[in-house]
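Subject: Structure for you to look at, with notes

Dear colleague,

Here is the structure I promised to pass on, with the sequence alongside. My notes on what was found in it follow below.

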There are 2 protein chains.
Amino acid sequence: MSYYRARISKLLAWMETAKIDLAIVTSPANVMYLTGFYGDPHERWMGVVVPRQGEPFLYVPVLDRNKAEAVCDLPVHTHGDEDDAVRLLLELLGCDPAGIGRIAIEKTHMSVARSEQVQAHFSGSIFVNAEERLTAMRLQKDEQELALMRRAARLADEAVAFAFSQIVPGRMEYEIVQAIESFAKRQGADRMAFDTMVLAGEKSALPHGAPGTREIRRGDLLLIDLGIVWQGYCSDITRTVAVGEASDRQRAIYEAVRKANEAAIAAVKPGVEAAAVDRAARDVIAEAGFADSFTHRVGHGLGIEIHEPPSVHGKNGQRLLPGTVFTIEPGIYLADVGGVRIEDDVLVTESGAEVLTAYPKELQILPF
Amino acid sequence: MSYYRARISKLLAWMETAKIDLAIVTSPANVMYLTGFYGDPHERWMGVVVPRQGEPFLYVPVLDRNKAEAVCDLPVHTHGDEDDAVRLLLELLGCDPAGIGRIAIEKTHMSVARSEQVQAHFSGSIFVNAEERLTAMRLQKDEQELALMRRAARLADEAVAFAFSQIVPGRMEYEIVQAIESFAKRQGADRMAFDTMVLAGEKSALPHGAPGTREIRRGDLLLIDLGIVWQGYCSDITRTVAVGEASDRQRAIYEAVRKANEAAIAAVKPGVEAAAVDRAARDVIAEAGFADSFTHRVGHGLGIEIHEPPSVHGKNGQRLLPGTVFTIEPGIYLADVGGVRIEDDVLVTESGAEVLTAYPKELQILPF
């Protein structure tokens, strides 16, 4: 059985238990998870249609037929711009709407207008949320997913190495962004997972700064945060280096962040609360005297989406499960010194953690 | 009265007529239209809250407070990550939910989950769609909007001129994309309006092709489609040139597209059906013998969003109104010759059309 069929079987097992007659899964991330097909249909209909009785199928705009058939082992049905997409879906299902008691949809993803369209055809049905179940499934990655995530992480390491090789006097932040994105394209990445961040000097102290025309100068801390999407799966890495030289203060915050990153990784194993991972990093930074300068959660889940559960923050009592991947990215940001963040992608294994990103973490002082 | 206040007054006039007690407008495009504030709150709450009786306000995540207060002349209220955002909104409104009979929301934008949150607080209320009214308002741009759109179009012209100056042997498509995006950044653009398209030779014949490592060669048709966002408003331009030389067949399709573009522009004036503009272009291309190779609608509305009403296609009987801006972008795509598309941004005036984009349209043969 393919990985995709196995995922649909799990969904069906839940539908059986929860007495759900029909699931219509329409978010691009969950459609990809269940079929391997990634599409962005804009205002058009796209979905995996899973009846409790009967054959599941993928339903896409006719424009996407060839791409969908090439990757998806479910039957692919299509609709054109002049079709009534919901009525056609009903015909494809070939069942009496009156026999459909409960329908699972993604309530955070589906719009009110779209749900009213469905409701017009299934007027007696109750809508329940499919998201909790799909989120739980995606929380534990299977081997196919992990193989892709390891590859995405490897490419992120290579992109970081390439970026640091491009730092010469006169170079501006956004030029390094472009060099990174060209590199990723040449390596065959699908795309960047988010807007690449290259921040120098005082700008490295802005956790949400945007790269611009700031030139990289001797004495800067230089922070690079990038993510690669490989066959639909994301990586996310941050490394910070010193340019030409490092002051004592820069060295001090660097070492605190590095130890916090390592302490958090050491805290990862199945059964531990997500909050404990955050706390492990935060305690190290507090001890070093920088508690107020670590202003965000320690990390976030990672997979098909760049931000997915679990959120790794101090109030999340959720216990870690094998197969979950998340970032660990403590940081210290000081307006007059600069910012340091060190981010890895970490997989919860049966007994502890596997760190997917491998670029070195000792303080690196770039020749300049 | 500011342009933003005038827009809210128009919305209020509609609410009066349609007996709507409260409007909650949450899509980033409509929030910007009504307040000048552009934000992407991801999963957080953001909205313009307009009670029929009482003071309208902007409601944003606390992270966005400073940015919102800097641009918005409405009162700005905020919520934090630990607040119940809907309950807090209710407190800010200071009214009895039982007195709210009809609430206007954007049904295509608001998710089922979000609407259920609102419904839990306004259990007796009826939800109506605010989108039709807001779309109608945005269809006729005011002078403030037109000033920004003229500026965005001017920058698009300059970016095209810059791009064609960068064409030398060995240059790849994606390198030209990067050169364009750097140029736009240096000019102060907010961002590109969509993924810039630079397609050479056989790839120019793919209306949805993606720029890659294809090198630009003598004899290619080279198609560049780009859009600039200036203070929240989009431009969208396409120009096609010949590299080094042009075959007779390339000249023939170029001239047909150029004449189609001009015929469609000549057809624009208030009261004309959108379909007539499409037909004007299509007739010229059919006469030249390429009817089957013009495979898309002639254009789309433009403004805060890169695609907004009206859709300019052969079945749209909607009559054009002064102040509407849309693209006119006929094309001919031949697998063995290449593709040509020529796209302008056109404003419907009181008596005809103003073409916002100004880059020349005579066939240009780049030295190579």
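To begin with the domains, the assignment for chain A gives domain 1, covering 3-138, and domain 2, covering 140-366. Please keep in mind throughout that this is a predicted model. The C-alpha centres of domain 1 and domain 2 of chain A are 36 Å apart, and the contact between them draws seven residues from domain 1 of chain A and eight residues from domain 2 of chain A. On the domain 1 side of that contact, the elements of chain A that give two or more residues are α2 (28-35) and α6 (131-139), with α2(A) supplying the largest share, three residues. Sorted by class, this side of domain 1 of chain A has five nonpolar residues, one polar and one charged.

As for chain A as a whole, its secondary structure comes to 10 helices and 20 strands, and its C-alpha trace spans about 75 × 40 × 35 Å along the principal axes. A compact globule of 368 residues would have a radius of gyration near 21 Å, and the 23 Å of chain A agrees with that. Of the 368 residues in chain A, 44% are buried. Among the contacts in chain A with a separation of 6 or more, 67% are between residues 24 or more positions apart.

Turning to the pair of chains, chain A can be laid on chain B with an RMSD of 0.0 Å by a turn of 180 degrees together with a shift of 0.1 Å along the axis, and the two copies are therefore related as by a two-fold rotation axis. Within chain A, S111(A) has the C-alpha nearest the axis, at 2.1 Å from it. Both copies use the same surface, in that 100% of the contact residues of chain A recur in chain B.

The contact between the chains takes 13 residues from chain A and 13 residues from chain B. On the side of chain A that touches chain B, α5 (112-121) and α8 (173-186) of chain A each supply at least two residues, and α8(A) gives the most, with four residues. By class, that side of chain A is made up of five nonpolar, six polar and two charged residues.

If residues up to four places away in sequence are not counted, A152(B) touches I228(B), V229(B), W230(B), Y233(B), C234(B) and S235(B). As a general point, nonpolar side chains tend to be buried together in soluble globular proteins.

I342(B) is placed in the loop between β17 (338-341) and β18 (344-348) of chain B, and it counts as buried because 23 other C-beta atoms lie within 10 Å. Apart from neighbours within four places in sequence, I342(B) is in contact with several residues, including T238(B), R239(B), V257(B) and K361(B). I342(B) and E329(B) are 13 residues apart in sequence, and their C-alpha atoms are 5.4 Å apart in space. A85(B), for its part, is in helix α4 (residues 85-93) of chain B and counts as partly exposed, because 19 C-beta neighbours lie inside 10 Å. Leaving aside neighbours within four places in sequence, A85(B) is in contact with W45(B) and H79(B).

Lastly, some points of backbone geometry. Most residues other than glycine have a negative phi, and most peptide bonds are trans. The peptide bond from P309(A) to P310(A), however, is cis, with omega near 0 degrees, and P310(A) is placed in strand β14 (residues 308-312) of chain A. In chain B, a cis peptide bond likewise joins P309(B) and P310(B). K19(A), which is not a glycine, has a positive phi near 55 degrees; K19(A) is in the loop between α1 (3-17) and β1 (22-25) of chain A and is exposed, with 10 C-beta neighbours inside 10 Å. Q231(B) is also not a glycine and has a positive phi of about 45 degrees; Q231(B) is found in the loop between β10 (228-230) and β11 (233-234) of chain B and is partly exposed, with 18 other C-beta atoms within 10 Å.

With best wishes

Notes:
Residues numbered from 1 in each chain as written. Chains lettered and ligands numbered in written order. Predicted model: local features only at pLDDT ≥ 70, side-chain atom pairs only at ≥ 80, totals over all residues. Least-squares fit on C-alpha atoms with pLDDT ≥ 70 in both. Contact = placed C-beta atoms within 7 Å. Nonpolar A, V, L, I, M, F, W, Y, C, P; charged D, E, K, R; others polar. Buried ≥ 20, exposed ≤ 12 C-beta atoms within 10 Å, placed from the backbone. Domains from an automatic or database assignment. Rg over C-alpha atoms; globule rule 2.2 N^0.38 Å.
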